[in-house]
Amino acid sequence: VQLQASGGGFVQAGGSLRLSCVASRSTGASDNMSWYREAPGKQRELVASITNSGSTNYADSVKGRFTISRDNARNTMWLQMNNLRPEDTAVYYCTARWGAGWYMGQGTLVTVSS
């Protein structure tokens, strides 16, 4: 299984980015898809997750600014990030779970300047 994340880049504080994650396997069978991030010198943290039924969960630090979504017909998950802050700078990873298997793709770097 491959998860291809894209959409990272450099943006000024207050700007927006949209991350995408395309899976090589049908996401219709994935009960949970998530975005994690890892900032320099910090532990990896869960940013947002979405179940197959559409239930979402967000880290407190991104609530009201980030929106996670998925389209199983396109095997794709997105993370819309608005009002970005310098502390959002990190490598963002997409993950997906199919049954007992959990997979993580390569990261995409998001850099937010002040």
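Modeller: Let's start with Gly8, which sits in the loop between β1 (3–6) and β2 (9–12); strands here are DSSP runs of E, at least two residues long, numbered from the N terminus. This is a predicted model, where local features need pLDDT of at least 70 and side-chain atom pairs count only at pLDDT 80 or more, while totals for chains, interfaces and linings use all residues. Residues are numbered from 1 along each chain as its sequence is written, and side-chain values use heavy atoms, with hydrogens and water left out.

Gly8 counts as partly exposed at 32% relative accessibility (buried is under 20% relative accessible area, exposed over 50%, partly exposed in between, with a 1.4 Å probe and protein chains only). Setting aside residues up to four places away in sequence, Gly8 touches Leu19, Thr108, Leu109 and Val110, where contact means heavy atoms within 4.5 Å.

Now over to Arg70, in strand β7 (residues 66–71). Arg70 is buried yet has no salt bridge, that being a side-chain nitrogen of Lys or Arg within 4 Å of a carboxyl oxygen of Asp or Glu. Its nearest side chain of opposite charge, Asp31, is 7.2 Å away (Lys and Arg count as positive, Asp and Glu as negative; His and the chain ends are not counted). What the side chain of Arg70 does have is backbone oxygens: that of Thr27 lies 2.7 Å from one of its polar atoms, and that of Ile50 is reached at 3.3 Å.

Among the residues Arg70 touches is Asn32, in strand β4 (residues 32–38). Asn32 is buried, with a relative accessible area of 18%. Beyond its neighbours within four places in sequence, Asn32 is in contact with residues including Thr51, Thr95 and Arg97.

And Asp31? Asp31 forms a salt bridge with Arg97, the closest N and O atoms being 3.0 Å apart. Arg97 lies in strand β9 (residues 90–98) and Asp31 in the loop between β3 (17–23) and β4, so the pair ties together parts that are 66 residues apart in sequence. Both ends are partly exposed, Arg97 at 34% and Asp31 also at 34%.

Notes: Helices (H or I, at least four residues) and strands (E, at least two) are DSSP runs, numbered from the N terminus. A polar contact is a pair of N or O atoms within 3.5 Å; within protein, one must be able to donate a hydrogen and the other to accept it, and residues adjacent in sequence count only if both atoms are side-chain atoms.
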